[in-house]
Amino acid sequence: MSRFPRRRTVTLTQNRIYILPTGAGAGFCVVLVLLLLLGINYENNLAYALTFLLVSIFVISIIHTYGNLAGLQVSALAGRPCFRGDKAGFTLQLTAAPKRDYEQLCLCWDGGVSQMLDLTEERMTQVELACDAPERGWLDPGPLLVETRFPLGLFRAWTWIDTGLKTLVYPRPVSCASPPPAGGDGGAEVSGVKSRGPEDFQGLARYEKGGSLHQVAWKVYARGQGLHLKQYAGTASEEIWLDWVTWHNGSVEEKLSGICFWALEFHQREQPYGLRLPGLILAPGSGESHRQRVLKALALFGRESQE
């Protein structure tokens, strides 16, 4: 791997492709030697003819196996985040060289589960390779193995590619008791959050960044009076904080898992919430971008060296 720099897009050429006989190929060579000795010993022309025919097939197999990788372009596109204990997905794109077909291509991460595909009728295809995610933080799947034994299985041609892909692994969400109040800062327990309904409507407040679009008073906006949020009893003045200091007792991973669970729960309810970790404060907000910031902060907590 040290011979080749880390690159997202690689075209396979002769200086990157390795090829050696497989076990079947080695056995084929033994058969060729025995046939040759048989022809020499008995001076049998048919034995000579069969030996030379099989030798020619053996040599042609080398060319075809090498050609089944040569010219193939492999591009690493992106990684898909996941939760600890799940499998992270990494998207790769394979592009065929002009007028070339590729069959029985096998791809896998180092030590991972392989996936086989053909690139014949389609000139370009995308494939997602999974990788185990046992720990939270940044996940590097390692080098990518691309290999083939086509057409006869007598030779194995392969290459290793350092794609540089990585993705985030979030703490695994684990259900726990409602978050305790964030002491001294107006925090509220989950039990104090009422469900919205027509009878709970209190009034309007000017829209602020991070507010839920489902609470926007669109009729007021249509009258040209600007963006406002509908406020409901029990939610207008409460701020919910997921606070590391006041969180339930437990190990670091247990606390992160509990905070992660309630972050996803509040996101599902479209309820604004904030996050307080040692050295980091995220103001209350909602929406997908806020969710991603919170999950990233939880994933990298205590792992700043991986950023």
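These legends describe close-up views of a predicted model.

**View 1. Overview of the protein.** The protein has 307 residues, of which 42% count as buried. Its secondary structure consists of five helices and 17 strands. Of the contacts between residues at least 6 apart in sequence, 67% join residues at least 24 apart. The accessible surface comes to about 16,800 Å², and carbon and sulfur atoms account for 55% of this area.

**View 2. N68 in the loop between α2 and β3.** The loop that holds N68 lies between α2 (45–67) and β3 (73–80). N68 has a relative accessible area of 3%, which is under the 20% limit, so N68 counts as buried. Beyond its neighbours within four places in sequence, N68 is in contact with D101, Y102, E103, L105, T148 and F150.

**View 3. Strand β16 and its two faces.** Five of the five residues of β16 (residues 273–277) are buried. In a regular strand, side chains alternate between the two faces of the sheet. In β16, Y273, L275 and L277 point one way, while G274 and R276 point the other way.

**View 4. Pairing of β15 with β16.** Strand β15 (residues 241–243) pairs with β16 in the parallel sense, over three bridges. Within this pair, D243 stands opposite R276. Between the two strands the chain passes through helix α4 (residues 252–269), and this β-α-β crossover is right-handed.

**View 5. The hairpin of β16 and β17.** Strand β17 (residues 280–285) runs antiparallel to β16 and is joined to it by four bridges. L280 in β17 stands opposite L277. The hairpin has two residues between the strands, and G279 takes a positive phi near 85°.

Definitions and conventions. Residues numbered from 1 in each chain as written. Predicted model: local features only at pLDDT ≥ 70, side-chain atom pairs only at ≥ 80, totals over all residues. Heavy atoms only, no water. Buried < 20%, exposed > 50% of the residue type's maximum accessible area, 1.4 Å probe, protein only. Contact = heavy atoms within 4.5 Å. Areas by Shrake-Rupley, 256 points an atom, 1.4 Å probe, with all protein chains shown as cover. Pairing = 2+ DSSP bridges. Right-handed = clockwise from strand over helix to strand, strands pointing away.
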